[in-house]
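User: Please take a close look at one part of this model, a helix and the charged side chains that it contributes. Please set out where those side chains lie and which partners they meet.

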Amino acid sequence: TAVKLPRMYPEKPRLRYLSAEEEAALFAAIDPKAKYPGKCARTDKARQDNTDLLIGLLHTGARYREIARMTWGQVDLEGRKVRTHRQKGGVDSTLVMSDQLQSMFARRKAAAVGQWVFPTKRRHNNNYAWLRAALERAGVSAEAGPLTLHGMRHAFASRMLNSGMSLPWIPARP
């Protein structure tokens with residue numbers, strides 16, 4: 001019989017989320033109103049979509065696909081509520097909108113053409129190239145651990161805990 005070797009597991013990266021300072025620098029790096037090389041209407045729109053996506057992720061704690069595939073039927077601007085469908089577990093969560101989230105949804109709704117909140121994001125697995133480039137422009141180092149869009153979920157939960165919310169009250173995220 002052959003010698004049975006122990007199973008090898010990859011080393012898990014350190015849990016990483018944005019600090020408030022890093023978040024401000026990231027939003028400044030993707031600001032569509034800022035002056036940057038190659039400025040044009042198409043790039044400004046892409047930057048605005050990415051800014052809005054980050055706001056959605058940071059203010060709901062949702063996964064990328066849950067935000068990217070969100071429809072206007074899930075957004076109640078008057079009631080200031082947003083319903084997210086959890087892909088893992090198949091449950092719905094209703095969250096109260098922050099002022100910034102409501103402002104973002106209202107702006108997008110005024111310009112909406114179809115049923116999708118983020119029509120350019122819904123069919124694509126997210127390409128992280130724009131995020132990596134924005135983090136580099138913002139001067140956010142990856143030495144403390146890699147930053148991904150999924151890390152925005154951790155930032156949401158960490159901020160809820162730091163603001164005094166107890167763990168059972170943080171919206172359930174299967």
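Analyst: D49 counts as buried in this predicted model, because its relative accessibility is 5%, under the 20% cut-off. The residue lies in helix α2, which covers residues 41-60. This helix has 20 residues and reaches 28 Å from its first C-alpha to its last, close to the 28 Å expected at 1.5 Å a residue. G61 follows α2, and its phi is positive, near 75 degrees.

Two partners of D49 may be described in turn. With K45, the D49 side chain forms a salt bridge of 3.3 Å, N to O. D49 and K45 are four residues apart in helix α2, so about one helical turn separates them. In general, an α-helix has 3.6 residues a turn, so residues three or four places apart point the same way. K45 counts as partly exposed, at 48% relative accessibility, whereas D49 is buried.

With R108, the D49 side chain meets in a salt bridge of 3.0 Å, N to O. This pair links distant parts of the chain, since D49 belongs to helix α2 and R108 to helix α4 (residues 99-110), 59 residues apart. R108 also counts as buried, at 11% relative accessibility. Salt bridges that share partners join K45, D49, D52, R107 and R108 into one network.

The structure holds nine salt bridges. Among them is the pair E23 and R159, at 2.4 Å, N to O. E23 lies in helix α1 and R159 in helix α6, so this pair ties together parts that are 136 residues apart in sequence. E23 counts as buried at 15% relative accessibility, while R159 is partly exposed at 27%.

Technical notes: Residues numbered from 1 in each chain as written. Predicted model: local features only at pLDDT ≥ 70, side-chain atom pairs only at ≥ 80, totals over all residues. Heavy atoms only, no water. Helix = DSSP H or I, 4+ residues; strand = E, 2+ residues; numbered from the N terminus. Expected span 1.5 Å × (residues − 1). Salt bridge = Lys/Arg side-chain N within 4 Å of Asp/Glu carboxyl O. Buried < 20%, exposed > 50% of the residue type's maximum accessible area, 1.4 Å probe, protein only.
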